[in-house]
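Reader: Could you take me through this structure step by step, please? I am new to reading such models.

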Amino acid sequence: MADRRSMYRLNGVAHIAGSIDDEPTRCIYSVRRQQNMPMHDRIIPYLERAGLYHLARLNSQWFWLDEPLVSVFVERWRPETHTFHMPFGECTVTLQDVAFQLGLPVDGEAVSGCLGEFETYMQGGRPAWDWFQDLFGELPPPNKVKQMTVHFTWFHERFSVLPPDANEETIRIYARAYIMMLLSTQLFGDKSANRVHIRWLPFVANLDEMGRYSWGSAALA
């Protein structure tokens, strides 16, 4: 019988699956950040209209991510073929997987935008931070801002407790904050693992129209 360790080798490189118990620091932990953000009942209608409510429920209350397993799959991913190379063959994620497992809409307009100097495309070149202040009622302190990102802790500290007497406009602000974090930390996370990019401002500016986008296709891409 072949050495069982050969199951964990790809192209002669040791695979994390063989030492996952000994090297926990190689696991992925960034998704937990969204799980600590309260989902207030009064913002749920906005999440439902945006098609993101099921995704928002994938947190520690209803669902626990197997981070070591995700880390293993990451190292099995081959960008040349867009497939996971497993000991038993190749497999990949399909649009149907995204729709059923994440509950994201797959029909609708494309989610697109320019990441470089994207602010020049906002409302005819309107300064992005002016728009941010209009949508959230204030600007984060300078020590929480880095280029076009805001540190996650500012959103969490500022918008984690919805006032019981909040009016509809305040509720919409809290819904925008939640969706901004949901998109940046759970659906379209990056290596920073602790920052929210403000490129999502054009989408959260009109919460009632977020449901017309194909979030599932963007997540798969």
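**A conversation about surface, strand and charge**

Author: Leu95 is partly exposed, its relative accessible area being 33%. Buried stands for under 20% relative accessible area, exposed for over 50%, and partly exposed for values in between, with a 1.4 Å probe and protein chains only. The model is predicted: local features need pLDDT of at least 70, and side-chain atom pairs count only at pLDDT 80 or more, while totals for chains, interfaces and linings use all residues. Residues are numbered from 1 along each chain as its sequence is written, and side-chain values use heavy atoms, with hydrogens and water left out.

Reader: Where is Leu95 found?

Author: Leu95 belongs to helix 5, residues 95–102. Helices are DSSP runs of H or I with at least four residues, strands are runs of E with at least two, and both are numbered from the N terminus.

Reader: Which residues make the nonpolar surface patch?

Author: Val93, Leu95 and Leu220 make a patch of about 200 Å². Patch members have over 30% relative accessible area and no salt bridge; nonpolar side chains (Val, Leu, Ile, Met, Phe, Trp, Tyr) are joined within 5 Å, and like charges within 9 Å. The areas come from the Shrake-Rupley method with a 1.4 Å probe, and for residues only the protein chains shown count as cover.

Reader: Let us change topic. Is Thr149 buried or exposed?

Author: Thr149 counts as buried, at 14% relative accessibility. This residue sits in strand 7, residues 149–151.

Reader: What does Thr149 touch?

Author: Leaving aside residues up to four places away in sequence, Thr149 touches Trp129, Lys144, Arg195, Val196 and His197. Contact here means heavy atoms within 4.5 Å.

Reader: Which residue forms a salt bridge with Glu80?

Author: Arg78 does, with the closest N and O atoms 3.7 Å apart. Glu80 is exposed at 58%, whereas Arg78 is partly exposed at 23%.

Reader: What about Arg176: buried or exposed?

Author: Arg176 is buried, with a relative accessible area of 5%. Its side chain meets that of Glu169 in a salt bridge of 3.7 Å, N to O, and Glu169 is partly exposed at 41%.

Reader: Which residues are linked in a network?

Author: Salt bridges link Arg49, Arg172 and Asp208 in a network.

Note on methods:
A salt bridge is a side-chain nitrogen of Lys or Arg within 4 Å of a carboxyl oxygen of Asp or Glu.
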